[in-house]
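These are my notebook entries on a single structure. I record what I looked up, one topic at a time.

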Amino acid sequence: MSFAVLSDIHANLEALEAVLEAAFRRGVDKWFCLGDIVGYGADPAPCVERTRAAAAQVVLGNHDAAVAERTDSRTLNPYARAAVEWTTANLGALDLEYLHGLPLSASVPAGLLVHADPRQPAAWNYITGAASAAGALASIKARCCWIGHTHQPGLWSVPDQDTARVAAQSWPPTGEGTVPLPAGQRHLINPGSVGQPRDGDPRGCFVVSDDEATELEFIRVAYDVASAQRKIREAGLPELLADRLGYGR
Ligand code: ZN
């Protein structure tokens, strides 16, 4: 069974549709979502509905939590907070209830799914380097732990027998391509962001793997950025949220 892992869709329907089309073209049997279905973009309801109907497993992101009033949105930056308030007003009761009910983490045959740091999922800490990755890797029992939240693709690996060793960090330098997942190691995998990439490449990003998980494929997909930007502007959301989609930051 092959699967796709998507994270940080952020209400960008154009990106979600392009990524799912690319995933199914590759013959994936199912897909998982690591949270932040909503926030920033102008299509929260279609993104929630598509995810709710089709994803095999979904976990809660910090924006989903803020929209569903599970966490205090005052901790977010002003742009994110404006988007949270707009999103809450633009989702129906069923969609809000769905976001409210999402788990902080989930175990599937592919590994542990969580939006942020698996050590404390609700603290929403970012894993950005070897030190935080090593701590997270030492805390997990699963061979693979899938995380999002930074909107940057990444892979950190550590030997099973030596989890104190600082994790090696590697991924295709271009943000796309296939990387091996050696046996005898634990892996922390960030598939990047579908709807608001921040690694300088505006294309949507996701990962495909299979149950054996001997390798990962990081995939980038071009989508109609101009259409997503236009909807953000028309919705009256902060201009910056439209602009940043164009340069992937
Ligand atoms: Zn996010």
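Conventions. I worked with a predicted model, in which local features need pLDDT of at least 70 and side-chain atom pairs count only at pLDDT 80 or more, while totals for chains, interfaces and linings use all residues. Residues are numbered from 1 along each chain as its sequence is written, and side-chain values use heavy atoms, with hydrogens and water left out.

Zinc site. I looked up the donors (N, O and S atoms within 2.8 Å of the metal, or 3.2 Å for Na, K and Ca). The zinc ion has Asp-8 (OD), His-10 (NE2), Asp-36 (OD) and His-151 (NE2) as protein donors, at 2.1 to 2.3 Å. Their spacing in sequence reads D-x1-H-x25-D-x114-H. I found both Asp-8 and Asp-36 buried, where buried means under 20% relative accessible area, exposed over 50% and partly exposed in between (1.4 Å probe, protein chains only).

Strand β7. I checked residues 154–159: six of the six are buried, so β7 is largely enclosed by the rest of the structure. One side carries Gly-154, Trp-156 and Val-158, and the other Leu-155, Ser-157 and Pro-159.

Tyr-79. I located Tyr-79 in helix α4 (residues 78–89). Tyr-79 is partly exposed, at 40% relative accessible area.

Conventions: Helices (H or I, at least four residues) and strands (E, at least two) are DSSP runs, numbered from the N terminus.
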